[in-house]
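I opened this one to go through the strands, helices, rings and charged pairs in turn. These are my notes, in the order I looked things up.

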Amino acid sequence: MTHPNEQVVRDGFAAFAAGDMDTLRRVLAADSVWHVPGRSPLSGSHKGVDEILGYLGRVNELSGGTFTIDLHDVVGNDQHVFAAYGVTARRGGKALDDHALVVCHVRDGQVTEAWWTVGDQYISDDFWS
């Protein structure tokens, strides 16, 4: 049986893939924080829905709309949801093909905090820089 918090995260991934910002606004808590690792221009802590949506817009902008996610698995409980996925993108003659993981805190049907990781931080930083 799927935990309800798993569906919250699946809905967020589906909304991003569809460009559905209204659903993303519902999935993210107003004071949500996303922690993005690395040393690229996209790295750092993004606080609040507007800043997070700005980050996602920047991902699409920098990749010329080529950034895609292949969601592999989502597992969750009352407090955390773990999602494993693949990412691909193209940018300025560079190609990104990596695996990643996000750990989300979910409360009252919304993501309140998320920690993103990538399979190869050096490749990711180079791609986005």
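**The sheet**

I started with β4 (residues 80-91) and β5 (residues 94-107), which run antiparallel and are joined by twelve bridges. Before going on, the ground rules: this is a predicted model, where local features need pLDDT of at least 70, side-chain atom pairs count only at pLDDT 80 or more, and totals for chains, interfaces and linings use all residues. Residues are numbered from 1 along each chain as its sequence is written, and side-chain values use heavy atoms, with hydrogens and water left out.

My strands (E, at least two residues) and helices (H or I, at least four) are DSSP runs, numbered from the N terminus. I call two strands paired if DSSP finds at least two bridges between them. I looked up the partner of arginine 91 and found lysine 94, in β5.

Next I wrote down the whole sheet: six strands, open, mixed pairing, in the order β2-β1-β6-β5-β4-β3. β2 (44-47) and β3 (68-76) are the edge strands, each pairing on one side only. Neighbouring strands are turned by 15° against each other on average, direction ignored. Axes here are lines fitted to C-alpha atoms, for helices over the stretch in contact, and angles run from 0 to 180 degrees between N-to-C directions.

**Helix α1**

Which strands does helix α1 (residues 4-18) lie across? I get β3, β4, β5 and β6 (110-118), with α1 running at about 175° to β3. Helix α3 (residues 49-62) also packs on the sheet, touching β1 (28-36), β2 and β4, and its direction makes about 50° with that of β1. Contact means heavy atoms within 4.5 Å.

I checked the span of α1: its 15 residues reach 21 Å from first C-alpha to last, close to the 21 Å expected at 1.5 Å a residue. The expected span is 1.5 Å times one less than the number of residues. Just after α1, glycine 19 takes a positive phi of about 70°.

The buried residues of α1 are Asn5, Glu6, Val8, Val9, Gly12, Phe13, Ala15 and Phe16. I use buried for under 20% relative accessible area, exposed for over 50%, and partly exposed for in between (1.4 Å probe, protein chains only). Their cover includes α2 (21-27), α3, β3, β4, β5 and β6.

I took valine 9 as an example, at 3% relative accessibility. Leaving out residues up to four places away in sequence, valine 9 touches Val74, Val81, Ala83, Cys104, Val106 and Val111.

**Rings**

How many aromatic pairs does a search of the whole structure find? I get eight. Rings of Phe, Tyr and Trp (its six-membered ring) pair if their centres lie within 6.5 Å; planes under 30 degrees apart count as stacked, over 60 as edge-to-face and the rest as tilted.

Phenylalanine 16 and phenylalanine 67 have ring centres 6.0 Å apart and planes at 75°, so I log the pair as edge-to-face. Phenylalanine 16 sits in α1 and phenylalanine 67 in the loop between α3 and β3, 51 residues apart. Both are buried.

Phenylalanine 127 and tryptophan 128 are also edge-to-face, with centres 4.8 Å apart and planes at 90°. Both of these are buried too. I also noted a cluster linked by ring pairs: Phe13, Trp34, Tyr55, Tyr85 and Trp116.

**Salt bridges**

I found three salt bridges, taking a side-chain nitrogen of Lys or Arg within 4 Å of a carboxyl oxygen of Asp or Glu.

- Aspartate 50 meets arginine 25 at 2.9 Å, N to O. Aspartate 50 lies in α3 and arginine 25 in α2, so the pair ties together parts 25 residues apart in sequence.
- Glutamate 61 meets arginine 58 at 2.9 Å, N to O. Both lie in α3, three residues apart, about one turn of the helix.
- Aspartate 126 meets lysine 94 at 3.7 Å, N to O. The pair links α4 to β5, 32 residues apart.

On exposure, aspartate 50 counts as exposed at 55%, while arginine 25 is partly exposed at 41%.

Aspartate 108 has a positive phi of about 55° although it is not a glycine, and its relative accessible area of 75% makes it exposed.
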